Amino acid sequence: VGREMVGWAGAGSVRTGRNVGVEPSWCGVLVVITIELGVITPPVGLNVFVIKSIENDLPLGAIYKGVLPFVGMDILRLALLAAFPWLVLVLPNSMG
């Protein structure tokens, strides 16, 4: 499922980014982060249901509470990368 989501969303966003003059790498990173965020947050939260299927004794509410710090950090990371797009390219540019 993940490859298909990244393929469809990534191709469209990178193409759109190029048309408006945005770095394609930046668009790709933002797409991957938003997809990651989508698989751990309600109402879908696919990864939460995977954990629930593994740990039947654990209530769904407890799993969502455990995921909250990751959601917060993903939102913070997304905001930082949206505010400072050059952060996306620091590592690739340092490699030469």
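Is Trp-86 buried or exposed? Select Trp-86 and you'll find it exposed, with a relative accessible area of 55% (buried means under 20%, exposed over 50%, partly exposed in between, using a 1.4 Å probe and protein chains only).

Before moving on, a word on what you have open: this is a predicted model, where local features need pLDDT of at least 70, side-chain atom pairs count only at pLDDT 80 or more, and totals for chains, interfaces and linings use all residues. Residues are numbered from 1 along each chain as its sequence is written, and side-chain values use heavy atoms, with hydrogens and water left out.

**Stop one: the rings**

A search of the whole structure turns up one aromatic pair. Phe-84 and Trp-86 form an edge-to-face pair, because their ring centres sit 6.5 Å apart and their planes are at 65 degrees (rings of Phe, Tyr and Trp, the last by its six-membered ring, pair if their centres lie within 6.5 Å; planes under 30 degrees apart are stacked, over 60 edge-to-face, the rest tilted). Phe-84 is partly exposed, at 40% relative accessible area.

**Stop two: two helices**

Now select residues 24-38, helix H2, and residues 60-83, helix H4 (helices, H or I with at least four residues, are DSSP runs numbered from the N terminus). H2 and H4 pack at about 165 degrees with axes 10 Å apart (axes are lines fitted to C-alpha atoms over the stretch in contact, and angles run from 0 to 180 degrees between N-to-C directions). That makes H2 roughly antiparallel to H4 (angles over 145 degrees count as roughly antiparallel, under 35 as roughly parallel, 65 to 115 as roughly perpendicular, the rest as oblique). To see where they meet, show side chains including Trp-26, Ile-33 and Leu-37 of H2, and Val-71, Asp-74 and Leu-78 of H4 (contact means heavy atoms within 4.5 Å).

**Stop three: Asp-74**

Zoom in on Asp-74 in H4. Asp-74 is buried, with a relative accessible area of 10%. Its side chain makes a polar contact with the side chain of Arg-77 at 2.5 Å (a pair of N or O atoms within 3.5 Å; within protein, one must be able to donate a hydrogen and the other to accept it, and residues adjacent in sequence count only if both atoms are side-chain atoms). Not counting residues up to four places away in sequence, Asp-74 touches Ile-33, Glu-36, Leu-37 and Ile-40.

**Last stop: Pro-24**

Finish at Pro-24, in H2. Pro-24 is partly exposed, at 25%. Leaving aside neighbours within four places in sequence, Pro-24 is in contact with Val-14 and Arg-18.
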